[in-house]
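Open the structure in your viewer and keep the selection tool at hand. This tour goes stop by stop, telling you what to select and what is there.

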Amino acid sequence: MHARLDYMKAAPEAFQAVLGLEQYVSSQSGLDPRLIHLLKLRASQINGCAFCVDMHTKEARRDGLSEQWIALVCVWQEATVFTPGERALLGWTEALTNLSTSGAPDDAFEDMRAHFSEAEITKLSIAIGTINIWNRLAVGFRTQHPVDIAA
């Protein structure tokens, strides 16, 4: 597989707009970085984005999240390492990432309300939307992840 095009060069103004969202989420939203790692990794797994899964796994590890916590994101419903708030966010991430089939159900929203303020829910939803944009660019244009060491 090889990259289809370099979207950063093809439309730099569009890339800068998405980068602005990313900078808001990462630096200005006030969201707990642990939650940002969680939603980015889960959405990227759902979307089958190898580039983003690789990047967000490395970032989570760099920021001190445990190997077990990172590894169990993909099976969070069976795992016991996530807090109730993290579980609510994982459900909401899945609901918004799979919007065409989930319809963002009331129970997923109510789980969020039990753990987060309206402002936090809004910011987390923007973060979910932002990673979904990145996933669509990376998967759609076949952005290649780096290979650190061959298996």
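Is Asp63 buried, exposed or partly exposed? Asp63 has a relative accessibility of 41%, so it counts as partly exposed. Keep in mind throughout that this is a predicted model.

**Stop 1**

Arg62 is exposed, because its relative accessible area is 57% and the cut-off for exposed is over 50%. Now select Asp54, Lys58 and Asp148. These residues belong to one network, joined by salt bridges that share partners.

**Stop 2: Glu67 and Arg61**

Select Glu67 together with Arg61. A salt bridge joins the two side chains, with 2.4 Å between N and O. Glu67 is partly exposed, at 44% relative accessibility. Arg61 is also partly exposed, and its relative accessible area is 39%.

**Stop 3**

How many salt bridges does a search of the whole structure find? The search gives eight. One of the pairs to show next is Lys40 with Glu22. Lys40 and Glu22 form a salt bridge, and their closest N and O atoms are 2.5 Å apart. This pair links distant parts of the chain: Lys40 sits in helix 3 (residues 33-46) and Glu22 in helix 2, 18 residues apart. Is Lys40 buried or exposed? Lys40 is buried, and Glu22 is buried too.

**Stop 3: the aromatic cluster**

Move on to the rings. Searching the whole structure gives five aromatic pairs. Select Tyr7 and Phe15 to begin. Their ring centres are 6.3 Å apart and their planes meet at 50°, so this pair is tilted. Tyr7 and Phe15 are both buried.

Like Phe15, Trp134 is buried.

Tyr7, Phe15, Trp134 and Phe141 make up one aromatic cluster.

**Stop 5**

Switch to a surface view. Select Leu21, Ile126 and Ile133. Together they make a nonpolar surface patch of about 200 Å². Pick out Ile126, which lies in helix 9. Ile126 has a relative accessible area of 35%, so it is partly exposed.

**Stop 4: a patch of negative charge**

Stay with the surface. Which residues gather in a patch of negative charge? They are Asp106, Asp107, Glu110 and Asp111. Zoom in on Asp106, in helix 8 (residues 106-113). Why does Asp106 count as exposed? Its relative accessibility is 65%, and exposed means over 50%.

**Stop 5: inside helix 8**

Met112 is buried, because its relative accessible area is 0% and buried means under 20%. Met112 and Leu90 are 9.7 Å apart in space, and 22 residues apart in sequence.

**Stop 6: two positive phi angles**

End with the backbone. Select Ala104. Where does Ala104 lie? Ala104 is in the loop between helix 7 (99-102) and helix 8. Ala104 is not a glycine, yet its phi is positive, at about 50°. Ala104 is partly exposed, at a relative accessible area of 22%.

Then select Arg142, in the segment after helix 9. Arg142 is not a glycine either, and it has a positive phi of about 55°. With 27% relative accessibility, Arg142 counts as partly exposed.

Key
Residues numbered from 1 in each chain as written. Predicted model: local features only at pLDDT ≥ 70, side-chain atom pairs only at ≥ 80, totals over all residues. Heavy atoms only, no water. Patch = residues over 30% accessible without salt bridge, like charges linked within 9 Å, V, L, I, M, F, W, Y side chains within 5 Å. Areas by Shrake-Rupley, 256 points an atom, 1.4 Å probe, with all protein chains shown as cover. Salt bridge = Lys/Arg side-chain N within 4 Å of Asp/Glu carboxyl O. Lys, Arg positive; Asp, Glu negative; His and termini not counted. Charge placed at Lys NZ, Arg CZ, Asp CG, Glu CD. Helix = DSSP H or I, 4+ residues; strand = E, 2+ residues; numbered from the N terminus. Buried < 20%, exposed > 50% of the residue type's maximum accessible area, 1.4 Å probe, protein only. Phe/Tyr/Trp six-rings, centres within 6.5 Å; stacked < 30°, edge-to-face > 60°.
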